[in-house]
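I wanted to see how the chains meet and how the pieces inside them pack. Here is my notebook from that look.

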Amino acid sequence: MEINQLLDYQWSSMMPEFTILLTAVALSLVDLFMPKKRNRSVIIWFALSGIAVAIVFLIFQFDDGVVTILNQTYRLDSFAKAFKLLMLIGTGLVLLLGIKTNDLDEVKGEYPYLLLTGLLGGMMMASSADLITLFVGLELLSLSSYILVGIRKKNKLANEAAFKYIVNGGIATAITLFGMSYLFGLTGETNIYEIQALMGSDIVTENRYIAVFAFLMIFVGLAFKITAAPFHMWAPDVYQGAETPITAYLSVVSKIAGFAIMLRLIMVPFVFAPGTGKVITPDGVSYETLLVSVRPYLVLLAVLTILIGNLIALKQVNAKRLFAYSSIAHAGYLLVPLAALSELVFDAVWFYLAAYLLMNLGAFAVIDALGEENNEVTVASFAGLFKRSPYVTIAMTIYLLSLAGIPLTAGFIGKFEIFMSALGTEPKRFILALTMLAGTVLSYIYYFGLFVQMYFRKAEVKTPVLASNRLVAVLTITAAGTVLLGIFPSIALTFIHDHFQFLEIFNP
Amino acid sequence: MGGILTILILSPLLGVIVLSLMPANHSSVKMIGVFGTVLPLIVTIGVFSLYDRTLSGIQFMESYQWFELMTAISPNEPYPVTYDLGITGLSLLFLMLSALITFLASLAALRIQEGVKGFYMLFLLLEFGILGVFSSENLFLFFLFFEVTLVAMFLLIGKWGGFEREKAAFSFLVYNGIGSILLLIVIIVLFVEFRTMNISELTSLLQESASYEFLSGNTRMWLFLLLLLGFGTKLPIVPLHTWMVRVHIEAPIAVVMIHAGVLLKIGAYGLIRFGAGFFPEQLKETAVILAILGVINLLYGAFIALVQTELRAVLAYSSISHMGIVIIGVASFNTAGLQGAVFQTISHGLIAALLFLLVGVIVDRFQTTKLADLGGVASQTPLFAGFFLAAGLASLGLPGMSGFISEFLAFLGLFEAMPVIGSVGVIGLILTAVYMLRAVLAVTFGERKPQFDKQKDLSAVELVSSAILLSLIIWIGVYPAVLSNTLQMARTLGIGG
């Protein structure tokens, strides 16, 4: 490659990534050379400012068209920008939440910059147009997450969680890679837009079962990442074992990245691929598209995820496990627009993820606050919370209402769009809608069960929850955001519409 | 008068705000709570007096764009979500009923001792939801306010209820949650087909024959059945009634007054406004089944009420029985029947509120509602006994009281449409007399238990509240035109007529 060509690339389109990369590298050096006794909390603020700068760069890119660099392997389109925005905000909130002070001795400074490298991986997943770079991004996020989960190296649960996570995650990425290899074998290309173009060729049509197989392999591998049933088993243990802010990171940022890569990998290479079923048209026999052929599996997966997540959540005592299953259920809701192959898929998934980011992070922030006084936060730890800390309780109430999909919260608007995506396609997906109905009503039971604890039960301790300034900041931002997006959803809806043309994803 | 409905809906929230700023043990918390319900009552009376009975259609319309949902594929065809308020004669009657009963219930709630501030805040939030439900001219708003009542009721039952309050609260939550999400599915199907959630627009769109291209008769039948199931849970239609009995027995008295008096009526309102308004053809097709369901409700409720040993359970099953008459009226689908159904909801709202007001007095004075433990209170508390007897008589449909008019109209409608089913249903009316008198007599007459000596009769507040309700019941019974004059609009909505 000529040096001139290299310099000609529009490198500015990678500015947010460079910022994060530089911050992570700089922080690791600072951490290395800082005297051992010094308080490490300055690193967190440094990381936060890095994220703020990255967000500013991202905002300046909003109205650029599609930019591709590095031989079309890296791609900045609306889809990438929209998902990167969510991941940056999510990571920023997790950093703001910080880690418990009494664990800092053990944890040292690697916590913030591992979050950043994970974020970098997630951003690459959102922005790549090549199987290789997509996979590198996926691995970067995964490896950072494995370390983060096991970061408390003297804690038994954390070690167990990290081990489970690395084994399960390793298998999942291997399966994805296996599926990708079939794509490469069929088309001889790694660029997903080239693959898309070649998918209509005769050789693929002849071997269309292999394309379906490749799809299913990739999908199964990614289903691990987004905790879709029946590939969700790792989530509760990992969520429970990890430090609460890291659990929040896994359940929000990692899941957003998972949906980003899933949407791109499903929508781009496979959108014109031939499926298995034959369609008889006046012009002769042709094949239905691959996405139509595999739709029953997608529907099945969504239905299973919703039902399993909600049903098992009913019986949970540990708060983190409860929210692990609840987040499995939410992954199921997010699969609905995909399974319905609705034209709303990008808007619905993006909005729901935005809502989910706020409400789920908020809920984990409250669990984290309760973790200061309890070794294990159970449902009963919420008892009498209203009497102890009314403001924390009101914030938690907002998150729970939003998670349950009660109107005037962001979660409701998101769920409304998802219902629309299931019922707005022809033929109407009543199965999906009714499953969501069942799931939502089941979720009422455990979300409102927390209300019972917070408002009806008496607390054993009378003192208020230890609320640091940073916790208050996180709670305020997420609660206000949840309500604001619930009452004025047009803020987000017109914003994504003015700045993001999701259909760019299909244009090579 | 633009914006008066918004003012009406928001008016209870003023009380919530004031209360939230007060210390919990402040002496005037209760007073603020009660005043919080007076304000909406005044606004409702204002709306009532400004309402023009000679006009047909929707009045006090307010319509604003709220937000738009857009798809990436076709960004130029947005799905607009609007904020529409407006009332018809039908909703006006329900608004009056709600504001009045909420006010009286807030007086009955003065007996609450613990967590008064929280109670009144949720109570006013509940009123916000109820007023919103009846003022919405838009299905999105209707659903929104409906869910507000759900959350408020859950907390009210679960915190201030009786021994099994949490079970009752969850039972309420699950049944009504299912009902409301079924409704949401119907709303969304209509929304994606017609790109509007405005109720009157949908009513006229659905009645154009061209709209069948969008929504086949088969789909309509499904949607109608979903609506029936959704509102049937609320009403409730047997066998979806178990939650409602629990709520009647466990919830605090003031909340039961609202629940029996107003909330159950949302089911009837929805069935008439949406079931009959959107899908008249489907309603006609299923009329016989609906009528049979109504008669089952009527008889089942009455028979079970006959053997209950607990006064609140008697009244709960009596509510089920009375809601059967509403279903019968809707099923007959003619002017008399529909009018009967509306009359019955209003009338039962008033009667149930009065009965539970008096049950509240019993609980306060005698600490029990078991029929076996009560008795002979007439000699000690004659005023109470008199009102209780009057309420019982109203409930069993004594001529000259509102219950008679509504039952008469509903059965008139039914006999016109389905005489055979009607004649079976009439048995229910006899049973009503039996179980009602059995319960009333067990409380008021018989041997007086010694521990009930020296109990105070109705206090001034209780007396005035009961008198207001009873006089309304008699007024409607003697001069039913007070309702039908306002209601005329129901017919111009395209139902019956």
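**Confidence first.** I'm working with a predicted model, so I checked the scores before anything else. The model scores ipTM 0.92 and pTM 0.93. For chain B I noted a mean pLDDT of 89, with 96% of its residues at 70 or more. Where pLDDT is low, the predicted coordinates should not be read in detail. I left those contacts alone.

**Chain B against chain A.** How many residues does each chain put into the contact? I got 29 from chain B and 31 from chain A. On the chain B side, strand 1 (59-69), helix 5 (139-160) and helix 6 (165-194) are the elements that give two or more residues. Helix 6 of chain B has the largest share, 13 residues. I sorted the chain B side by class as well and found 22 nonpolar, three polar and four charged residues.

**Domains of chain B.** The contact between them takes 39 residues from domain 1 of chain B and 45 residues from domain 2 of chain B.

Which helices supply the domain 1 side? I listed helix 3 (89-108), helix 7 (199-207), helix 9 (242-250) and helix 10 (253-278) of chain B, each with at least two residues. Helix 10 of chain B gives the most, with 13 residues. By class, that side of domain 1 of chain B has 26 nonpolar, ten polar and three charged residues.

**A helix pair in chain A.** Last, I looked at helix 6 (residues 110-127) and helix 13 (residues 244-270) of chain A. Their axes come within 7 Å and cross at roughly 20°. Angles under 35 degrees count as roughly parallel, so helix 6 of chain A is roughly parallel to helix 13 of chain A. The crossing of these two chain A helices is left-handed.

Which residues meet there? From helix 6 of chain A I wrote down A:Leu115, A:Leu119, A:Gly122, A:Met125 and A:Ala126. They meet A:Tyr249, A:Val253, A:Ala257, A:Ala260 and A:Ile261 in helix 13 of chain A. By class, this helix contact has nine nonpolar, one polar and no charged residues.

Terms used:
Residues are numbered from 1 along each chain as its sequence is written. Chains are lettered from A and ligands numbered from 1 in the order in which they are written. This is a predicted model: local features need pLDDT of at least 70, side-chain atom pairs count only at pLDDT 80 or more; totals for chains, interfaces and linings use all residues. pLDDT is the predictor's confidence in each residue, from 0 to 100. Two residues are in contact if their C-beta atoms, placed from the backbone, lie within 7 Å. Helices (H or I, at least four residues) and strands (E, at least two) are DSSP runs, numbered from the N terminus. Ala, Val, Leu, Ile, Met, Phe, Trp, Tyr, Cys and Pro count as nonpolar, Asp, Glu, Lys and Arg as charged, and the others, Gly among them, as polar. Axes are lines fitted to C-alpha atoms, for helices over the stretch in contact, and angles run from 0 to 180 degrees between N-to-C directions. Angles under 35 degrees count as roughly parallel, over 145 as roughly antiparallel, 65 to 115 as roughly perpendicular and the rest as oblique. A crossing is left-handed if the near helix is turned anticlockwise from the far one by less than a right angle, and right-handed if clockwise.
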